Amino acid sequence: MTILLGAMTGTSADGLDLCLSGFTESKPNSFQYEIINSISIPYERSLSLKLRNAHLLSAVDLLSLDMEFAHWCAEKISHFTQDHVEIKGVAFHGSTVFHQPHKKISFQLGRPETLAALLELPIIANFRSPDLELGGRGAPLVPFGDAFLFGSYSACLNLGGFANYSESIQGVRIASDISFCNYVMDKYARLEGLEYDTNGELASQGCLIPDLFSALNERMATYNQQALALSREWVESSILSLFPEEESKNILYTCCEHIGYQVAKRVVNPSNLLITGGGAYNSHLLSRIEQYTGHRIKPASPQLIEMKEALLFAFLGWLRLQDRVNCFASVTGAKRDHSTGIIYYH
């Protein structure tokens with residue numbers, strides 16, 4: 001068994017997920033995994049605010065934050081792994097500031113070269129950039145792991161900052177972003193003094209805003225025709241302007257309706273969904289997905305809900321260390337299947 005650490009921070013900028021994972025290959029392309037240990041480390045409020053607003057910084061201040069965040073991550077990773085000397089590397093997905101595939105730009109905070117020096121371990125990072133160079137969108141990346149580690153499910157649905165899914169259709173893995181998710185909904189929860197809408201309690205008290213529901217679905221239909229990956233930039237330029245001045249609970253209710261509708265529209269076979277990401281704890285959102293898909297939903301275990309993406313990045317990093325394919329062209333639109341990620345040695 002080969003052990004890697006997956007370190008993942010998502011668009012919501014709420015914390016760092018660390019997943020110590022072991023991988024074995026019993027026969028060619030037949031993989032097994034074991035989660036040895038895991039932890040979610042929440043950001044201090046000041047750090048979370050810095051990460052959320054990083055795109056507004058000057059070049060110098062952005063570089064300063066890049067270094068600050070790398071040292072913060074190195075400290076947390078070092079403490080978490082201090083009793084595990086057999087780790088072969090860290091697969092690191094930093095906090096995304098810019099993702100503009102049409103310009104071949106994708107930038108995540110958390111300098112991997114600094115991490116490599118501080119941790120004295122190989123760091124596999126910048127997973128998106130090589131795919132962009134091959135004409136891909138740089139996202140989504142985890143469907144490769146979905147196919148090989150969670151192929152028993154009809155589809156995998158992640159409800160993180162954005163909602164995205166992957167499934168196999170006639171032996172070909174397809175995947176796509178579906179809509180915004182927690183990245184937008186958390187904004188409206190914070191207006192009510194909450195970091196997020198626990199169990200969807202605020203949303204469940206709201207009612208539908210019909211014009212907003214229609215506008216969001218129309219905007220997604222236009223965007224889907226372009227077959228692009230969703231991003232913070234897209235939300236801020238194309239989505240937030242659609243939201244009226246309404247009570248937060250009505251906004252949240254309408255968002256859940258929109259996401260449920262889009263899931264049912266995009267996922268071909270929702271009969272046995274693996275649902276992970278923070279939105280898997282939003283019982284109101286899950287009820288809307290059930291309503292629109294017509295299928296009962298059984299959430300994954302809390303550990304898998306919180307750690308699946310970190311686990312899968314560790315898997316991608318393990319394959320990258322072997323220079324093996326870890327990215328599907330059918331998913332990102334790249335010229336070919338390839339091995340993505342850049343390895344930084346100490």
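1. In the protein chain, 70% of the contacts with a separation of 6 or more are accounted for by residues 24 or more positions apart. The model under discussion is a predicted one, and this contact share should be read with that in mind.

2. As for secondary structure, the protein chain holds 13 helices together with 12 strands.

3. The C-alpha trace of the protein chain extends over about 55 × 50 × 35 Å when taken along its principal axes, and, of the 346 residues in the chain, 56% count as buried.

4. Turning to one helix pair, helix H1, which covers residues 45-52, packs with helix H2, which covers residues 59-80, at an angle of about 135 degrees, and the two axes lie 11 Å apart. H1 is oblique to H2 because of that angle, given that only values over 145 degrees would count as roughly antiparallel. The crossing in which H1 passes H2 is left-handed.

5. The residues that form this contact are Leu47, Lys50 and Leu51 on the H1 side, which meet Leu65, Glu68, Phe69 and Trp72 on the H2 side. Sorted by class, the contact of H1 with H2 comprises five nonpolar residues and two charged ones, with no polar residues.

How values were computed. Residues numbered from 1 in each chain as written. Predicted model: local features only at pLDDT ≥ 70, side-chain atom pairs only at ≥ 80, totals over all residues. Heavy atoms only, no water. Axes fitted to C-alpha atoms, helices over the stretch in contact; angles between N-to-C directions. Helix = DSSP H or I, 4+ residues; strand = E, 2+ residues; numbered from the N terminus. Parallel < 35°, antiparallel > 145°, perpendicular 65-115°, else oblique. Left-handed = near helix turned anticlockwise from the far one by under 90°. Contact = heavy atoms within 4.5 Å. Nonpolar A, V, L, I, M, F, W, Y, C, P; charged D, E, K, R; others polar. Buried < 20%, exposed > 50% of the residue type's maximum accessible area, 1.4 Å probe, protein only.
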